[in-house]
Amino acid sequence: MMKIFCIGALSMASLYFAQSFPASAIPENLKKNANAVIRKDLTTIQINKIDDIKYQLYTVTTVLNKGGDSDALVYIPYEKGDNISDVKVNIYDEAGKKIKSYSKSDFGDFANNQQGTFYSDNRVLSLSYTPTQYPYTVEFSYQIEDENTVFLPDFVPFRSTNVSLEESQMKIINKSGIELKTKTYPSKYNYTSVVESNNAGEKTYTYKSVPAIDDAFLLPQLVKILPKVSFALTKFNLEGKQGTIDNWKDFGSWYYKNILEPVFVSTPAIKAEVASLNLQGTKEEKVRKIYQYMQSKTRYIFVALGIGGWQPMLPDEVQKKGYGDCKGLSTYMKTLLDEAGIPSYYCKINSDSSPVSFDKDFPKMGGNHIILMIPTEKGNIWLENTSQQIAFNHLSYSTTDRNVLAVKQDGIEIIDTPSYSAEQNKEKQFLKVKLNEDNSILGEGSFTYTGSQYDHNLAFTNMQPKERNETVKSLFNVLHFDKVEMKNFLNDKDNAIAKYDLDFRANNYSKNAGSSMIFRAVPVYSNTIYKTDENRELPFELRQSFEDEYEINFTVPKNYKLDEIPENVTVNSEFGTYKLSFVKNGEELKVNRTIKINKGLYPKEKYNDYINFRKKTLNLDNSKILISKI
């Protein structure tokens with residue numbers, strides 16, 4: 001597993017521990033939007049040989065309020081065999097007076113199992129500290145030596161919102177004789193920049209006085225806002241396996257030969273499994289049958305063992321034990337496909353809700369997830385192997401619209417994953433609503449979801465009926481439910497469709513106006529609060545395109561008639577389209593409502609335009625309809 005130095009920077013503690021860091025010395029501009037301020041974040045990386053690297057870390061963080069506690073956690077992630085030394089921690093009060101000191105003996109040593117129950121060589125030294133006052137300052141340093149030189153960390157100002165930075169520096173001393181490649185990625189929005197210097201083989205990179213980024217509505221990921229510097233040695237070591245990463249082709253060949261080929265091994269039991277499936281039909285039909293068989297007999301458990309946590313479990317182990325992580329399950333699935341004579345490719349990807357792709361021009365060890373790709377004449381089939389519930393040939397919103405590293409025997413090929421259109425990320429809602437004289441409504445509905453909206457509804461699959469009802473009640477809280485019942489939930493794993501029916505009663509839907517009643521046109525809609533911001537400082541991101549299509553059929557009470565019906569309306573915007581129409585049929589009213597949103601990264605100058613567009617759509621959802629007593 002790639003080491004991530006989450007506490008921040010690294011440097012020589014003895015040089016800095018004599019300093020004082022009173023909170024009063026923090027510049028006012030760095031307090032704005034900040035829960036914590038990184039006072040010093042200093043890293044020295046000394047590369048001695050292909051299998052000998054030393055990190056010296058030093059960081060000082062002032063926590064201004066409770067919201068910043070998580071940004072000053074004191075812990076050291078490591079693997080067995082790493083040498084950790086010179087661990088020092090000091091805690092200071094608001095005035096900069098030392099109130100507590102700790103050493104390595106005060107740390108607990110734990111399995112680094114943040115993702116649940118799994119097997120791992122990853123460990124973490126952790127110090128527990130409960131603050132008694134704010135602000136307080138944590139001064140932390142340590143040194144760690146490692147034999148793995150493939151995981152050089154990126155240099156960024158910070159990794160969290162609501163954190164500001166006084167000074168951060170990364171120094172790399174390369175004594176190995178191996179070429180060190182670097183690449184600087186400037187901030188597209190000029191948020192800050194890095195200062196570079198090179199002195200007798202020592203490369204130094206510095207950020208200074210970087211204001212906090214507020215966790216604002218629709219904020220893009222920080223990686224899309226901040227600058228960074230990436231590093232990679234052209235020759236490296238990983239758990240005794242040495243290779244080159246001068247280009248994606250060479251690195252892919254090494255990865256396949258050293259990491260994957262040793263585990264791409266079938267067994268008689270796996271051969272028998274595939275034979276028992278009696279595969280027939282097209283390649284797609286065969287892959288579907290194998291995939292759904294694999295899903296039915298496995299479950300996800302994270303495993304970080306073997307060659308730095310990057311080598312998968314053997315397919316035989318997954319086959320016998322019925323579990324694995326993304327690496328193991330994907331390898332098992334690939335082996336099943338191999339036995340069926342169907343080529344597939346092991347693909348590394350950056351899985352996240354906001355798309356992040358690999359740099360085609362800067363090869364570097366990376367990625368946090370594995371999926372499979374099967375080429376066919378009709379297009380690529382993509383398989384997410386960690387979910388027992390997800391549909392065949394469907395990637396979730398966390399893996400679409402980016403690229404993967406497809407690891408092949410002759411190297412890595414960079415391939416794009418699918419990008420779903422608004423029409424593919426769709427909700428269809430059909431409601432029959434009976435209005436009652438006591439202002440309540442009785443409703444029957446059917447709901448259908450595809451694309452990313454299918455993903456958001458997969459959680460219903462494992463819920464009991466009571467939990468489903470409570471979840472729907474929470475999701476559709478614009479209605480004052482008296483009762484609600486979800487029925488006939490279906491996860492169509494062949495076509496990536498989730499659907500269910502709903503029976504409900506809700507109170508206070510209409511309001512009396514003398515002898516008349518007034519009610520809104522759309523019963524179920526998003527009640528997100530949209531606020532304009534005249535001081536928006538950063539762009540905003542609409543991460544997914546989607547389309548919602550509603551048909552609502554209202555029946556009015558006996559002795560009432562439909563009086564005032566709003567005009568049909570269409571609102572066009574660069575962010576999407578909204579349509580609302582009304583058809584009267586006797587004492588029944590059909591309302592059709594469609595909204596389409598276009599994903600994209602939009603400049604800050606257009607933020608209020610988007611907010612006003614969404615406010616307008618909300619107001620139209622609340623269009624009032626009048627019925628009067630006969």
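Author: Happy to! A residue counts as buried here when its relative accessible area is under 20%, as exposed when it is over 50%, and as partly exposed in between. Please keep in mind that this is a predicted model.

Strand 2 covers residues 52-63, and ten of its twelve residues are buried, so the strand is largely enclosed by the rest of the structure. Val60 belongs to this strand. With a relative accessibility of 0%, Val60 falls under the 20% limit and therefore counts as buried.

What does strand 2 pair with? One partner is strand 1 (residues 36-49), which runs antiparallel to strand 2 and is joined to it by twelve bridges. These two strands make a hairpin, with two residues between them. Another partner is strand 9 (residues 136-146), again antiparallel, this time over eleven bridges. Thr43 stands opposite Leu57 of strand 2, while Tyr142 is the bridge partner of Leu57 in strand 9.

The C-alpha atoms of Val60 and Ile290 are separated by 53 Å, and the two residues are 230 apart along the chain.

Glu147 sits in the loop between strand 9 and strand 10 (163-174). Its relative accessible area is 38%, so Glu147 is partly exposed. Between the C-alpha atoms of Glu147 and Glu467 there are 49 Å, with 320 residues separating the two along the chain.

Next, the aromatic rings. The whole structure holds 34 aromatic pairs. One of the pairs joins Tyr134 and Tyr136: the ring centres are 5.6 Å apart and the planes meet at 55°, so this pair is tilted. Are these two tyrosines buried or partly exposed? Tyr134 is partly exposed, because its relative accessible area is 32%. Tyr136 is buried, because its value is 4%.

A further pair, Tyr530 with Tyr610, is edge-to-face, with 6.5 Å from centre to centre and 80° between the planes. Tyr530 lies in the loop between strand 30 (516-520) and strand 31 (540-542), and Tyr610 lies in helix 10 (residues 607-621), so the pair ties together parts that are 80 residues apart in sequence. Both Tyr530 and Tyr610 are buried. They also belong to a cluster linked by ring pairs, together with Phe217, Phe540, Phe575, Tyr602 and Tyr607. Tyr607 has a charged neighbour as well: the charged end of Arg536 sits over its ring, 4.3 Å from the centre.

For this stretch there is a database annotation to hand. In an unreviewed entry, UniProt places the feature "domain: DUF3858" at residues 533-621. In the model, that span is 17% helix and 52% strand, and its end C-alpha atoms lie 23 Å apart.

Helix 7 (residues 326-339) has 14 residues and reaches 20 Å from its first C-alpha to its last, close to the 20 Å expected at 1.5 Å a residue. How many of its residues are buried? Twelve of the 14 are, which leaves helix 7 mostly covered. Among them are Cys326, Gly328, Leu329, Tyr332, Met333, Lys334 and Leu336. Lys334 also takes part in a contact with a ring: its charged end sits over Phe264, 5.1 Å from the ring centre. Just after the helix, Gly341 takes a positive phi of about 75°.

Finally, have a look at Glu273, which is found in helix 4 (residues 268-276). Glu273 is buried, because its relative accessible area is 7%. Which side chains does the side chain of Glu273 make polar contacts with? One belongs to Tyr293, at 2.3 Å, and another to Lys297, at 2.8 Å.

To return to where we began, strand 2 has antiparallel pairings with strand 1 and with strand 9.

Conventions
Residues are numbered from 1 along each chain as its sequence is written. This is a predicted model: local features need pLDDT of at least 70, side-chain atom pairs count only at pLDDT 80 or more; totals for chains, interfaces and linings use all residues. Side-chain values use heavy atoms; hydrogens and water are left out. UniProt positions are given in the numbering used here, feature names are shortened, and annotations may be inferred rather than shown by experiment. Helices (H or I, at least four residues) and strands (E, at least two) are DSSP runs, numbered from the N terminus. The expected span of a helix is 1.5 Å times one less than its number of residues. Buried means under 20% relative accessible area, exposed over 50%, partly exposed in between (1.4 Å probe, protein chains only). Two strands pair if DSSP finds at least two bridges between them. Rings of Phe, Tyr and Trp (its six-membered ring) pair if their centres lie within 6.5 Å; planes under 30 degrees apart count as stacked, over 60 as edge-to-face and the rest as tilted. A charge sits over a ring if NZ of Lys or CZ of Arg is within 6 Å of the ring centre and within 35 degrees of the ring normal. A polar contact is a pair of N or O atoms within 3.5 Å; within protein, one must be able to donate a hydrogen and the other to accept it, and residues adjacent in sequence count only if both atoms are side-chain atoms.
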